[in-house]
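Trainee: I would like to go through this model label by label. For each term, tell me what it rests on.

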Amino acid sequence: YFMPGNDGVHGLELFVLENDMITLFKDIQIGDKGSAPQNFFIYNDKLYFTANDTLNGHEVWCTDGSPSGTQRITSIAPGTIYSNPKGFIIGGDNKFYFSNLDSLYKSDGTTRGTSVVKGIPNIELGENPEASPNATPFQDGLAVIVNDFREKSVWLINGKAEVKRIFLTQKDTEYNLLGLVNINSGLLFGLSNSLNTKNIGLYFYYVSDDTVRNIAATVNPDRI
């Protein structure tokens, strides 16, 4: 069992619980500051997480269960403090996706197999489990919400990393897209506004005819 831990010497680092003992597994950032490992998830029998080794900033790492097999797989913003991969989710193509610095990335778990998904602006996948989801596996890829003050939109990404915007609303900061649920071979999401009831409601994307319709125009959703 892997976890972040601090022994007072190495800072917040990657520790392992084994045989009822907790020990330092990998000192990723040498010194007492620590690499602050977080965002743990399992993918293809390996443990993935984010950590900061100082030289490359916060990036994606993986381990096969051995210290020598623990390595960094991305270098999106080397030498900066701004990199912050988050919102990891496995898509319908069995690749994992995450956001970093307003861009969406797709990965097969290797350095060479990690690339930016072009065409979707200002995206930030959430990391709050209590919030409505803003990404969900869909068909052979992913569906995502962009909830930026510059654009409120819903996008589809297929297995070839081709993107299509299926919904766009007014550039009004009071509007909020929320919830993204894959249901009955379609997508359910909501549009709310605390000041204006125009265009609010529950929306559904129908794959059969590639349309989005407001199916509950009187509802001002709070969470889906």
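Mentor: We take the overall build, then aromatic pairs, salt bridges, backbone angles and the surface.

Trainee: What kind of model is this, and how are residues numbered?

Mentor: It is a predicted model, with residues numbered from 1 along each chain as its sequence is written; local features need pLDDT of at least 70, and side-chain atom pairs count only at pLDDT 80 or more. Totals for chains, interfaces and linings use all residues, and side-chain values use heavy atoms, with hydrogens and water left out.

Trainee: How many helices and strands does the protein chain have?

Mentor: Zero helices and 19 strands. Both are DSSP runs numbered from the N terminus: helices are H or I with at least four residues, strands are E with at least two. The C-alpha trace spans about 55 × 35 × 35 Å along its principal axes.

Trainee: What share of the 224 residues is buried?

Mentor: Buried residues make up 44%. Buried means under 20% relative accessible area, exposed means over 50%, and partly exposed lies in between (1.4 Å probe, protein chains only).

Trainee: What makes phenylalanine 2 and phenylalanine 25 a pair, and which kind is it?

Mentor: Start with the rule. Rings of Phe, Tyr and Trp (its six-membered ring) pair if their centres lie within 6.5 Å; planes under 30 degrees apart are stacked, over 60 edge-to-face, the rest tilted. The whole structure holds 17 aromatic pairs. For phenylalanine 2 and phenylalanine 25 the centres are 4.7 Å apart and the planes stand at 80 degrees, so the pair is edge-to-face. It links distant parts of the chain: phenylalanine 2 is in strand β1, phenylalanine 25 in strand β3 (residues 21–26), 23 residues apart.

Trainee: Is phenylalanine 25 buried or exposed?

Mentor: Its relative accessible area is 11%, so phenylalanine 25 is buried. Phenylalanine 2 has 22%, so it counts as partly exposed.

Trainee: What kind of pair do phenylalanine 204 and tyrosine 206 form?

Mentor: Edge-to-face, with 4.7 Å centre to centre and 65 degrees between the planes. Phenylalanine 204 is buried at 12%, while tyrosine 206 is partly exposed at 26%.

Trainee: What sits over the ring of tyrosine 206?

Mentor: The charged end of arginine 213, 4.2 Å from the ring centre. The test asks for NZ of Lys or CZ of Arg within 6 Å of the ring centre and within 35 degrees of the ring normal.

Trainee: Which residue forms a salt bridge with arginine 213?

Mentor: Aspartate 209, with the closest N and O atoms 2.4 Å apart. A salt bridge needs a side-chain nitrogen of Lys or Arg within 4 Å of a carboxyl oxygen of Asp or Glu. Arginine 213 is partly exposed at 38%, and aspartate 209 is partly exposed at 37%.

Trainee: How many salt bridges does the structure hold?

Mentor: Seven. One of them joins aspartate 53 and arginine 72 at 3.8 Å, N to O. Aspartate 53 lies in the loop between β5 (46–52) and β6 (58–63), and arginine 72 in strand β7 (residues 70–72), 19 residues apart. Aspartate 53 has a relative accessible area of 16%, so it is buried. Arginine 72, at 30%, counts as partly exposed.

Trainee: What do glutamate 151 and arginine 165 form?

Mentor: A salt bridge, with the closest N and O atoms 3.4 Å apart. Glutamate 151 lies in strand β14 (residues 151–157) and arginine 165 in strand β15 (residues 163–168), so the pair ties together parts 14 residues apart in sequence. Glutamate 151 is buried at 10%, and arginine 165 is partly exposed at 39%.

Trainee: What is the phi of asparagine 39?

Mentor: About 60 degrees, a positive value although asparagine 39 is not a glycine. It sits in strand β4 (residues 38–43). Leucine 101, also not a glycine, has a positive phi near 55 degrees. Leucine 101 lies in the loop between β9 (96–100) and β10 (103–107).

Trainee: Why is valine 9 called exposed?

Mentor: Its relative accessibility is 53%, so valine 9 counts as exposed. Valine 9 is in the loop between β1 and β2 (12–18). Leaving aside neighbours within four places in sequence, it is in contact (heavy atoms within 4.5 Å) with Gly31 and Asp32.
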